[in-house]
Structure formats: structure tokens, C-alpha cells
Amino acid sequence: MTGAIPRADLLAQHEAIAAEVRAAVERVMASGRYVLGPEVEAFESEFAAYCGAAHCVGTNSGTDALRFAVSACGLDTGDEVVTVALTAPATAFAIELAGAAPRFADVDPERCTLDPGAAAAAIGASTRALLPVHLYGQCADMGLLRRIAEERGLWLIEDAAQAHGAAYGGRRVGTLGHVACFSFYPTKNLGAYGDGGAVVTDDPELARRVRLLRDYGRTAETRHETVAGNSRLDELQAAILRVKLRRLDQWNERRRRHAERYRELMADLPLELPAPEDREQHVFHLYVVRTPRRDALRAHLAENGVATGVHFPVPVHRQPAYGGRDTPELPVTDACADEVLSLPMYPELGDADLERVADLAREFFADAHGASARARRYSS
Ligand SMILES: *Cc1c(COP(=O)(O)O)cnc(C)c1O
């Protein structure tokens, strides 16, 4: 067996950019400005431009970006947000932390993202927003979701924490709703060396409110307009993110090429592979395949040194945090949670790695086929 293949490899990425990162960090250390200084300002304008939006406001996490976006839209106690349960718990918890309540709707079986029909059906008298997640790096069905939001007079908030650089109809995520939220957690397609997040919007008033919420409600050095905490992106992370943003498109392109190669290698296996409707819509934060024999396949890969992940084995509505509360039936969400498997995916993967993963999957299904053929023979 050759070397182990991790699910993701942050060190490989660091090694490729170490000199530039070190220079950026040195520059910040020597500047004497460590919070909300020129690096954050520059990153905010560069990331807004990258998305094609007017404003970007850095925060200290994706969770806070979501929380602030919900609050900035004016939602509060008693208001509901229609969202998915097949996501990081942070999506739903951020809605709660803002004082509102999530109302879970099912996902569609192809994309595993918010099903527009289910979303429309979940809208009630207290619903004020739709909050789709661009899960695994793939855009939610934004054309239909936008139409529903417009017709029903709802805010449309994107959880783009897994989809930096993905686009829909020629427009990048961050510009597909009223406001979008990003995470720069280290493993994301654009990751910091620690925590970070951002809110992106074309709406100057939403951007202004988020700026208040991340920094003690401050409008001037000693003037505080609203009660708020402290959730700022720091200068070190912003300087590093600027280095990495310059490579994001190139890294996303490599992820797409790996996905195409996986598809070539595994198209004939009894595995459901991701097939984006449109290449631009998917930046493959994760490469997620589906099979009812997920756990056995996962064990076979692990025995042979290939690490995989499950995103997410327990949907949010089934977490203990929601224990005992009335939750709707979400059959597609539950089926996805039972069957999804995240194969190794990161820009620095080599072709030999992809081939080894595919060979092991082939071996698994060949064995399984052989075993069931043998079983049939013995039982007849
Ligand atoms: C990572 C993630 C978040 C939370 O971001 P943090 O920066 O870790 O707070 C929210 N939603 C989704 C879909 C995520 O993947």
C-alpha cells in the first residue's frame, strides 16, 4: 500500500504558498495594527469584487455572518426562516441565535439542496426569509428560489460557506439573493489560518447594519447606536485570505478537474456521482457520492488508507439540540444522511490518488457483487 490519502490536506496547500503567507504575516506584525485595519478593508473590497457584489463585511466566523445577516434583515422573535436540515448545525443555530426560528424543508434528491417546492410548501404566516445552503459547493436551485422569494415577499439569504466562487446563470454566489454568508474556516475552499467569515451584499443598509453588529454597534469611535458584541475578522487572517483569494479560481478549477476524473473512473459503478447541471454551479468543496452501502464502502476505503467523511450523518432536526420538538418529516434529507460519502477532495490531489480511490471503490463493488452472486448460487 502506498501512502495514506487524507480527506483534505491543509498542509499541502500551506507548503505551496508558505513564503507569501509568511510575508503577509510579517507585514501585519510590523504594522502595529491588528484589528479592523487596512488588511481587512482591502480584503473586504477584494472579496466583494470577486463575488461581483458592492459590499463585504468581515466577521470572525461563518456562524456570526449568518446570525448578523438574519438580524440585519430585521428578523426577531416569532419570525421564521425556511431552511434545510442537511447542513452544518451552524446554519440553523445562527437563525436561533438571531432570535428567529428555523422551519426545516426537505432537499431535492439530485442536488441535496433546498427543494423549491418543499420550501414553498413550508412558508407560513410567520415566515420572513428563505435560507438555502449551497451544499458541498453546489449552488442551490436559485432560479426557482428567487422567484418564490419575490412572489412571497421574503428575504433570500444564501449560506455560501461551502461555495466560494460557484456561480449560477453567470453570477457568483454572494449576489444571488439579498445577502450571502461565507465562512473562512480552514477547510473551506477559501480558508483562513483560524476562524473567519464574511457577509456579502449589494444592499448598503444591510452592510451598514452588519458593520454595527460585528463591532459593538459602533458608528463612530465613541458612538454606539445599538447593543452588539464583538465579532471582527482580524488583520492577520485578512492578510492571509488576500494571498489565498488570488488562487481561489485556480484551486476551484483543480477541484472541478478532479471531479471530472472521478466521474470518468467510476461512471460504471453502482454509485450515485455528483453531476452538476452546469459546470459553473459546483466548486466541489466536497466530492459526495451516494450508496445504500455507504458504511461498508467507507470501511473498505479506511482499511486501505483512504480517509472519507460523512456530511452530514445526523441532520440538524435530529440533533439532541432539537430533541423533543415538533419537526416535520424530511424523507429525502434522511435518505441523503444515510447514503452520502465524501471522498478525498482537495486541489493538491494527484491523478494517482484519484485512481487509487476509484480502484478501491471498484474492488469493493466487485467483491460485493461476487459475494451476492455466490450467496445466490448457494441458496439455489
Ligand atoms: C462551515 C459552515 C458554517 C459555519 O461556518 P463557521 O465559520 O465554522 O462558523 C455554516 N454553514 C455551512 C454550510 C458550513 O459549511
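Visitor: How do the residues of the shell around the ligand divide into nonpolar, polar and charged?
Guide: The model is a predicted one. Around the ligand there are 15 residues. By class, the shell divides into five nonpolar, two charged and eight polar residues.

Visitor: Which helix supplies the largest share of the shell around the ligand?
Guide: Two helices, α3 (62–72) and α4 (89–97), each give at least two residues to the shell. The largest share is three residues, and its source is α3.

Visitor: Which residue has a polar side-chain atom 2.6 Å from an oxygen atom of the ligand?
Guide: Gly 62, Thr 63, Asp 159, Ser 183 and Lys 188 come nearest to the ligand. For Asp 159, a polar side-chain atom is 2.8 Å from a ligand nitrogen atom. In the side chain of Gln 162, an N or O atom lies 2.9 Å from a ligand oxygen atom. The residue with the 2.6 Å distance to an oxygen atom is Ser 183.

Visitor: How much space lies in the largest cavity?
Guide: The count of cavities of 30 Å³ or more comes to one. The lining of the largest cavity includes Asp 9, Lys 188, Arg 255 and Glu 348. By class, this lining has five nonpolar, three polar and four charged residues. The space in the largest cavity is about 90 Å³.

Notes:
Residues numbered from 1 in each chain as written. Predicted model: local features only at pLDDT ≥ 70, side-chain atom pairs only at ≥ 80, totals over all residues. Heavy atoms only, no water. Near = heavy atom within 4 Å. Polar contact = N/O pair within 3.5 Å; in protein donor to acceptor, adjacent residues only side chain to side chain. Helix = DSSP H or I, 4+ residues; strand = E, 2+ residues; numbered from the N terminus. Nonpolar A, V, L, I, M, F, W, Y, C, P; charged D, E, K, R; others polar. 1 Å grid on protein atoms, 1.4 Å probe; cavity = no way out; pocket = protein on both sides within 12 Å on 5 of 7 lines; lining within 4 Å. Points joined across faces, edges and corners; volume = space filled by probe spheres on them.
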